[in-house]
Amino acid sequence: MKKMFTNLNERSVQIMEGKEDDIVFHEHYARIGFRKCFLLILGLAFLTFEANATIYSVNATTWTNTGVGVNGDLLYCINQANGDASAGPHSIIFGAGIVGPITTTTGPITIGNATQKIILNGETATGWGCGSPKVILTYGGPWAANQFTLQGAGVIVRALILQGYSPRLTAGTNEIYGCWFNLNAAGTAASAVADCMGATFMYISGGSNHIIGLNDCNRNVFGMTGLAIFQGLVSITGGNGTTFDGNYFGTDKTGLVKISNFNAGTGIIKFDGTCTNAAITNNVISNAGGSTGRGIVSTSAANLSGLNISSNKIGLNASGNVSAGFGNDNGGIVLLGAVTGSPITISNNDIGDNGAGSFDNNSCGIILTTGFSNVTISGNYIGVTRAFGNAGNAFAGIFVTTAINTLNLTNNVIGFNGQCCGTKSHAWELTSCSNVTATGNYIGVSPGGANLGNGNSGMVFSACSNVSITNNYICKNNGKRPDIPNGGIVAAGG
């Protein structure tokens with residue numbers, strides 16, 4: 001057999017001697033041999049991994065910690081996986097016909113292995129289909145903290161209907177996909193199970209890079225009847241790199257029907273502490289009731305550097321339209337207090353119909369009273385639908401009331417805002433900002449010339465410096481507030 005060649009010169013000599021076919025033959029089979037060896041090694045590694053990982057099967061709907069080997073009720077399977085030190089990840093699946101409800105009135109569910117990932121997989125249940133979980137876990141006891149805690153090296157939860165449970169993410173990297181929280185078995189209405197969860201519903205206090213949802217089959221749906229929440233539906237005090245993607249908050253499984261009496265406390269997604277590089281993308285964030293019912297909110301000291309809020313429907317339904325009761329009662333994005341961070345991105349969102357339920361100066365599409373810098377607000381439809389329908393927020397479209405260094409406002413469509421409640425307001429009002437770029441925006445008018453007039457002025461700048469205003473369309477704004485002059489552009493100092 002001819003040897004394999006170590007350099008191109010040696011190969012060239014053999015070709016010149018008419019031995020090219022022999023060369024190609026041996027090179028071809030040498031490559032096949034390498035690929036076979038590689039695939040064999042990969043396959044053996046995979047088999048070794050699978051052989052060491054343990055699969056536990058739920059075979060009863062009891063909650064008594066009863067089982068043998070790798071089969072038992074859910075509590076038994078969780079306890080076994082929590083204590084399994086062999087190589088993982090370990091999976092918990094559901095046997096034929098085991099869909100519940102699995103009910104307990106005592107004791108929390110705590111899932112977490114110190115060294116191995118655990119997968120609680122409701123997609124294995126009888127009858128599961130895309131976006132249609134079947135396994136029901138019901139907590140029927142009095143409220144207590146940490147009723148559904150994910151910790152350890154991290155947990156993946158898929159396709160469960162959780163009624164009465166309050167999730168806590170405290171360590172590791174946890175993922176939640178395709179679950180319904182406090183909905184009935186059909187996903188059409190709130191669960192009848194009492195959901196008195198105390199200060200908050202979902203609490204993220206530790207770990208990092210958590211993933212809550214993806215679009216379509218993997219989105220989570222959050223429906224509440226809201227008995228005692230006063231802090232925020234989701235409270236985030238840690239978990240750098242956490243992502244909320246593709247979820248529905250305050251709706252049924254379709255994103256088109258609101259859940260009645262949806263109480264989110266001070267907001268649906270609330271930052272109560274530092275969380276850097278968080279992403280809130282592709283969600284429906286609507287129907288937050290009460291005087292402080294906001295979509296995305298922060299009122300506490302926190303570093304939110306790298307925050308990305310993009311492609312959400314805030315105050316609107318999943319189709320991006322106004323629907324009765326979908327608007328958050330106070331504001332859409334309300335970031336207040338001693339909050340800092342750089343950069344911050346708010347882009348491609350549909351933000352409308354917020355604030356009319358409890359009107360005040362926070363009842364805006366976006367309000368920032370923070371220490372942010374390098375803020376980009378781009379490509380949003382604020383107060384107007386994509387079809388240029390009226391989705392006006394009660395007060396201003398964008399309201400910035402504290403100094404921001406470097407603010408870019410580009411390619412937004414802002415209309416119909418500030419026409420609520422007798423106090424007319426503007427498309428936007430900026431105070432004490434520096435290095436402002438405003439370009440490509442449609443303020444009070446659509447790209448086709450339709451009237452989207454805001455309640456008072458188009459752009460208002462107060463004590464701002466280094467402002468560049470180029471290539472904007474600003475017209476048809478109403479000027480109905482007698483105490484403030486109306487104009488396309490109003491500059492008050494600076």
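Buried means under 20% relative accessible area, exposed means over 50%, and partly exposed is in between. The exercises below use these words for a predicted model.

**Exercise 1.** Determine whether Cys-130 and Cys-217 are bonded, and describe the link.

Solution. 
- Step 1. A disulfide needs two cysteine sulfur atoms within 2.5 Å. The S to S distance for Cys-130 and Cys-217 is 1.8 Å, and a disulfide joins them.
- Step 2. The angle about the S-S bond is -105°, which makes the link of Cys-130 and Cys-217 left-handed.
- Step 3. Cys-130 sits in the loop between strand 7 (118-121) and strand 8 (135-139), while Cys-217 sits in the loop between strand 16 (211-212) and strand 17 (221-222), so the pair ties together parts that are 87 residues apart in sequence.
- Step 4. Cys-130 has 51% relative accessibility and counts as exposed. Cys-217, at 29%, is partly exposed.

**Exercise 2.** State how many disulfides the structure holds and how the bonded cysteines pair.

Solution. 
- Step 1. The sulfur atoms of Cys-420 and Cys-421 are 1.9 Å apart, and the two residues form a disulfide.
- Step 2. The structure holds two disulfides. With the bonded cysteines numbered in sequence order, the pairing is 1-2, 3-4.
- Step 3. Cys-420 is buried, with a relative accessible area of 17%, whereas Cys-421 is partly exposed at 42%.

**Exercise 3.** Count the salt bridges and work through examples.

Solution. 
- Step 1. A salt bridge needs a side-chain nitrogen of Lys or Arg within 4 Å of a carboxyl oxygen of Asp or Glu. By this rule there are four salt bridges.
- Step 2. One of them joins Glu-123 and Arg-158, at 3.5 Å from N to O. Glu-123 is in the loop between strand 7 and strand 8, and Arg-158 is in strand 10 (residues 155-158), 35 residues apart.
- Step 3. Lys-270 and Asp-272 meet in a salt bridge at 2.2 Å, N to O, and both residues are buried.
- Step 4. Asp-350 and Arg-386 meet at 2.7 Å, N to O. Asp-350 is buried, with a relative accessible area of 4%, while Arg-386 is partly exposed at 41%.

Terms used. Residues numbered from 1 in each chain as written. Predicted model: local features only at pLDDT ≥ 70, side-chain atom pairs only at ≥ 80, totals over all residues. Heavy atoms only, no water. Helix = DSSP H or I, 4+ residues; strand = E, 2+ residues; numbered from the N terminus. Buried < 20%, exposed > 50% of the residue type's maximum accessible area, 1.4 Å probe, protein only.
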